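Open the model in your viewer and keep the selection tool at hand. The stops below go from whole chains to single residues.

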Amino acid sequence: MQPATGLENDLPEPALLSPGQVLWQRARHHSGFLLGGTGLALIIILAIAAPLIAPYGPSEQDLLQRLKPPMWADGGSAIHILGTDQLGRDYFSRLLYGARLSLIIGLSAMLISGIIGSTLGIVAGYFGGRIDLAITFLITSRLSMPVVLIALAVAAVFGSSLETVILILGFLLWDGFAVVARSSTIQIRDTEYLLAARALGMPLWRLILTELLPNIKDALIVVATLEMAHAILLESALSFLGLGVQPPLPSWGLMIAEGKDYLLFEPWLIMIPGTALFMLVMSINLLGDGLRDISAPEGRS
Amino acid sequence: MQLFILKRIGLAFLVALFVSFLSFILLRAGGDPAIAMAGEGASEADIEFIRVQFGFDRPVMVQYYDWLSGAVRGDFGQSTYFSSTVAELIAERLPVTLKLGVAALIFAILLAVPLGMIAAVYPNSIIDRTALGLSVLGQALPNFWFALLLIVVFSVWWPLLPPSGNTTWQHFIMPTIVLGYYATPALMRLTRSGMLEVLRSDYIRTARAKGLGPLQVIGKHAMRNAILPAVSLSTVQFGYMLGGSVIIESIFALHGIGQLAWESILRADLATVQAIVLILSLIYVGLNLTGDLLNALLDPRIRVT
C-alpha cells in the first residue's frame, strides 16, 4: 500500500514506456500527423480499390455523354457523379485511377532517389575526406541544375512515358536524401557503438546496414515523405505541359491540361483533379512534418 | 580571407563546368538529335545532311569542346527553329524573366518576413497559427493549377487582369503571385525561427531592460539579426524561381526564357535548350557564390572552414 500523499499519483511513469510507445503517445496528440495520415490512408485505399469502386473504366468513352457537369451542378446526374470529360469519360473513375498513377510514380521515384541519395550521403559522411569532397561536389552540382527544365528536356529527348517519368524524377530528386544522410552519418560516425562494431571486425556493409542505417532512418523517412510529395507535384507539372505521362492514362496533371481548354464554361474540369492533387500532396506533407516533430521533438521550432 | 574567396570562386567555376558538361551529355544521350530535328517522315539523306551540317557525327567530347569554346565567347550558335542566333533570342527574352523573378522575390519577402516576425513575437497566437496554416497550404498547392485558378477568378469571372501576354505591368501581377507564393513558406518559417531564437538572447533582454519600447527592440535590435538566414535563403530561392518560370511563363504566355525553353524543347531546338540550361545554372551558381561571400563578410566564423 502506498501512503496517500496525493502527489505520486499524478506523476507519469516514463520508465515503463518503450521507445515505440513514447512515439505513439506523441503521434496520438499531433493533429497534423493524424490528419495527414488519415488523408493519405484514405487516398491509398481508394486507389487500391479503384477497380471495385469505379463505375466505369478509366478510358471508357461515351461520345454522347461529353462534358456532363458533376451531379451537384445544373444538368448533372448520379450516372456520372463527377461528370464527364471532353471524350465522355467518367471523371470519377478517371480520378480514382489517377490516384494510383500519382502514388505509383511518387513511391517509385522516391525509392530510386532514396537509394541513390542515401548511399551517396552515407558514403560521404562515413568516409569523409576526399570521398566526402567529391560527393559534396556532386550534390552542389545537382542543386545548381534547373530541375524542371532538365526534366522537361530529358523527357522530350528520351520520349515521355510512365517509366521515363519515374526514372527522370528518381535520378533528379536525390539531393535531399544525400544531404540529410550525410549530416546524420557525420553526427553518429564516431559514437561508441559504431567504434565497437568496427573493433569487432564487422564487415562494412553489415555495419552500415545493421548499425548505421537504423540510427538515421527516422531522418530519412521524413525526407522520403517530402520527396514523394515533390515527385508527385513535378510529375503533374510535366504531364500538364505534355511531356510527362501520355494520354489516355488518367494522370491528374494531364486531366488538368485537358480541362484547361474548357476553362471558361466548365471550370470543374480543372477544379476536381487539382483539388485531388492538392489534398494528396498536403496529406503527405502533413504526415512528413508530423513525423519530424514526433521523431525529433527537440528540433521543432 | 583572400584564400577563402579564391577557393569559393574556383569551386563555383568547377561546378558550372561540370553541370554544363552533364547537361550536354544528357540532352544527347536519348538518341540521335538529327532524327528529332529532321522531324517525322524525313528521308535518310535529309537526316544525314543535318547530322553533318550540325556536326552530330563527331565524337561527343569534340562537340562539347566546340560548344563550350563558343559559349564562353557568348556564341551559342544558331537556333534551329527561330530565325536568329540563340544569343539574340536570350538577350531579348532574359529581361522579362529577370523582371518576373525579382518581382516574385519581392512579393515573397514582403509577405513572408512580416508574417514570420509577427508569428514569432506572438507564438501560438491566431496569427501564428494562420501563418503556419498558410505555409502548409502553400507548399501543397501545384503552381500550374494555382495559376489556372487565378485566371478563372481574375480574368474570367471577374475580368480585372489580362490572362496572357507581357505588354503592361498588369500582365505581371498573376505570374508574380504564382511564382512568389512558392518561396513564401520556407522564407516565413526561417524568419520565424530566426526571430524566436534572437528574442531569447541576452542583448534583447538588455535592450528591454534599458527601457526601449517594443517597436525599437523588435524593429531595430532583433530584426537585423533575425532575417540574416532568410536573406541568404532568398538568393537560393531566386534561382529556383527562375527555374520555375518554365511552367509559369508557358501558362501566362509571358515571353521570357522560361517560355522560350518550353517552345524550344517542343521543337527539338537543342542549341537553345542547351544555352538556357547553362544560363540558369550559371545564375544559380553565381547567386550561391554571392550569398556565400556575403555571409563570410558578415560572419567571420564562416571563413575558417
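How many helices and how many strands does chain B have? Chain B has 14 helices and zero strands, where helices (H or I, at least four residues) and strands (E, at least two) are DSSP runs numbered from the N terminus. This is a predicted model, in which local features need pLDDT of at least 70, side-chain atom pairs count only at pLDDT 80 or more, and totals for chains, interfaces and linings use all residues. Residues are numbered from 1 along each chain as its sequence is written, while chains are lettered from A and ligands numbered from 1 in the order in which they are written.

**Confidence**

Colour chain B by pLDDT, the predictor's confidence in each residue, from 0 to 100. The average over chain B is 83, and 95% of the residues score at least 70. Where pLDDT is low, the predicted coordinates should not be read in detail. For the complex, the predictor gives an ipTM of 0.85 and a pTM of 0.87.

**Select each chain**

Select chain B. From the N terminus on, its elements run α-α-α-α-α-α-α-α-α-α-α-α-α-α. Along the principal axes, the C-alpha atoms of chain B fill a box of roughly 85 × 60 × 30 Å. Of its 305 residues, 39% count as buried; a residue is buried if 20 or more other C-beta atoms lie within 10 Å of its own, exposed if 12 or fewer, and partly exposed in between, with C-beta atoms placed from the backbone.

Now select chain A. Chain A has twelve helices and zero strands, and its C-alpha trace spans about 75 × 65 × 30 Å along the principal axes. Buried residues make up 44% of the 301 residues in chain A.

Contacts (C-beta atoms, placed from the backbone, within 7 Å) come next. In chain A, 70% of the contacts between residues at least 6 apart in sequence join residues at least 24 apart. In chain B, residues 24 or more positions apart account for 72% of the contacts with a separation of 6 or more.

**The two domains of chain B**

Select residues 2-72 of chain B for domain 1, then 86-295 for domain 2. These bounds come from an automatic or database domain assignment. Taken over C-alpha atoms, the centres of domain 1 and domain 2 of chain B are separated by 32 Å. Their contact takes 15 residues from domain 1 and twelve residues from domain 2 of chain B. On the domain 1 side, helix H1 (2-29) and helix H2 (33-38) of chain B each give two or more residues. H1(B) supplies the largest share of that side, eleven residues.

**Where the chains meet**

Show both chains again. How many residues of chain A are in contact with chain B? There are 34 of them, in contact with 36 residues of chain B. On the chain A side, the elements that give two or more residues are helix H5 (129-143), helix H6 (147-158), helix H10 (204-240) and helix H12 (268-295) of chain A. H6(A) gives the most, with ten residues. The chain A side divides into 26 nonpolar, seven polar and one charged. In this division Ala, Val, Leu, Ile, Met, Phe, Trp, Tyr, Cys and Pro count as nonpolar, Asp, Glu, Lys and Arg as charged, and the others, Gly among them, as polar.

**The largest nonpolar core**

A nonpolar core is a set of buried Ala, Val, Leu, Ile, Met, Phe, Trp, Tyr and Cys residues joined through C-beta atoms within 7 Å. The largest has 157 residues, and those with the most contacts inside it are A:Leu149, A:Ala151, A:Leu152, A:Ala153 and B:Ala147. H10(A) contributes the largest share of this core, 17 residues.

Centre on A:Leu149. Leaving aside neighbours within four places in sequence, A:Leu149 is in contact with B:Gly243, B:Val246, B:Ala261, B:Ile276, B:Val277 and B:Leu280.

**Helix H8 of chain A**

Select residues 175-188 of chain A. Helix H8 has 14 residues and reaches 20 Å from its first C-alpha to its last, close to the 20 Å expected at 1.5 Å a residue, a span counted as 1.5 Å times one less than the number of residues. Its buried residues include A:Phe177, A:Val180 and A:Arg182. What covers the buried residues of H8(A) includes helix H4 (91-127), H5 and H10 of chain A.

**Last stop: B:Ile227**

B:Ile227 is in the loop between helix H11 (214-226) and helix H12 (228-252) of chain B. Why does B:Ile227 count as buried? B:Ile227 counts as buried because it has 23 C-beta neighbours inside 10 Å. Leaving aside neighbours within four places in sequence, B:Ile227 is in contact with B:Val113, B:Thr191 and B:Gly194. B:Pro114 is 113 residues from B:Ile227 in sequence and 10 Å from it in space, C-alpha to C-alpha.

Methods: Two residues are in contact if their C-beta atoms, placed from the backbone, lie within 7 Å.
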